[in-house]
Amino acid sequence: MKVTYQVSDINSHQSFGGKMADDTKEIITIDRSLFHMIFDLFAAGSETTSTTLLWIILYLIKYPSVQELCRTEITTVAGLRQVSYADKDKMPYTLAVIDEVQRIASIGPIGLPRACMEDVSISGRIIPKHSVIIPHFMSAHYDENYWENPTEFQPERFLTDEGKHIRHHKAFHPFSLGSRTCIGKNVAEMELFLFTTTLIQRCRLQHATPYESLDMEGVQSGITLLPKPYKVRIRDRSCSVGVERQISILLK
Ligand code: HEM
């Protein structure tokens with residue numbers, strides 16, 4: 001079915017769950033399901049991933065020794081060649097860092113609302129039919145019954161004693177859970193892995209204004225938790241003359 005949209009309808013969804021804006025008036029005609037697929041991809045798929053990457057960079061500059069451990073792992077496995085997703089099983093520490101950032105940053109602190117279709121009993125509590133249920137993932141991510149010192153950044157918690165990556169954890173649900181779990185989880189995991197490894201392999205990331213402390217508190221934007229703007233200095237490691245090229249960027 002073809003549907004006519006105003007461009008303003010598309011532009012207005014500035015963030016996942018964000019506010020409406022823009023009064024541009026331009027009419028376009030597009031297949032309805034194609035429109036919704038493209039919208040899902042951008043609304044649900046790009047801000048979530050880019051926000052997670054902003055948090056990853058923030059934690060990498062806050063903890064340079066963690067960044068260095070990742071770099072050693074990445075360069076041991078891949079050297080200077082392009083990292084591939086097939087390398088991930090040989091990079092448990094880097095996967096643990098990504099998971100730990102997703103846990104501690106909890107960019108989607110609460111999930112999308114769901115309705116209870118019938119009375120349900122959970123641990124002796126009755127949740128009546130038609131109740132609206134909003135899962136609180138952040139509380140699971142900080143639950144002391146499951147995590148030791150949950151407010152501390154400790155990537156090792158996602159490693160077994162043998163150094164293997166713990167892929168599933170009972171209290172770790174950045175992509176939600178159940179039958180309506182994030183449909184883009186696999187794509188997101190691949191993107192996070194490839195962006196993170198390639199960044200660390202090719203660049204040295206540093207806090208550009210080290211005399212200022214880094215604020216690790218998030219700010220709410222729609223239903224997403226963003227890091228506050230920070231400045232990162234990126235040094236290009238591939239420069240062969242010994243002097244690394246460097247640029248400073250304000251990330252927000
Ligand atoms: C780090 C990146 C991402 C995070 C943290 C994330 C997280 C989530 C969460 C928490 C939900 C709610 C699920 C629920 O209602 O229970 C969701 C839904 C969804 N996500 Fe993601 N997501 C990410 C990346 C992506 C990507 C890359 C795509 C698409 C390529 C995507 C597409 C979707 C869609 C379409 C839904 C709605 C699913 C439904 O209601 O059936 N997401 N995501």
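Modeller: Start with the make-up of the shell around the ligand: 10 residues are nonpolar, nine polar and two charged. Here Ala, Val, Leu, Ile, Met, Phe, Trp, Tyr, Cys and Pro count as nonpolar, Asp, Glu, Lys and Arg as charged, and the others, Gly among them, as polar. This is a predicted model, where local features need pLDDT of at least 70, side-chain atom pairs count only at pLDDT 80 or more, and totals for chains, interfaces and linings use all residues. Residues are numbered from 1 along each chain as its sequence is written.

Biologist: Which residues come nearest to the ligand?

Modeller: A residue is near a molecule if its C-beta atom, placed from the backbone, lies within 6 Å of it. Of the 21 residues around the ligand, the nearest are Ala44, Gly45, Ser176, Cys182 and Gly184. Two or more shell residues come from each of α2 (32-43), α3 (46-62) and α7 (185-202). Helices are DSSP runs (H or I, at least four residues), numbered from the N terminus.

Biologist: Which element gives the most to the shell?

Modeller: That is α3, with three residues.

Biologist: Where does Ser176 lie?

Modeller: In the loop between α6 and α7. Asn149 lies in the loop between α6 (137-141) and α7 too.

Biologist: Why does Asn149 count as exposed?

Modeller: Because it has 9 C-beta neighbours inside 10 Å. The cut-offs, for C-beta atoms placed from the backbone, are 20 or more others within 10 Å for buried, 12 or fewer for exposed, and in between for partly exposed. Ser176 has 15 such neighbours, so Ser176 counts as partly exposed.
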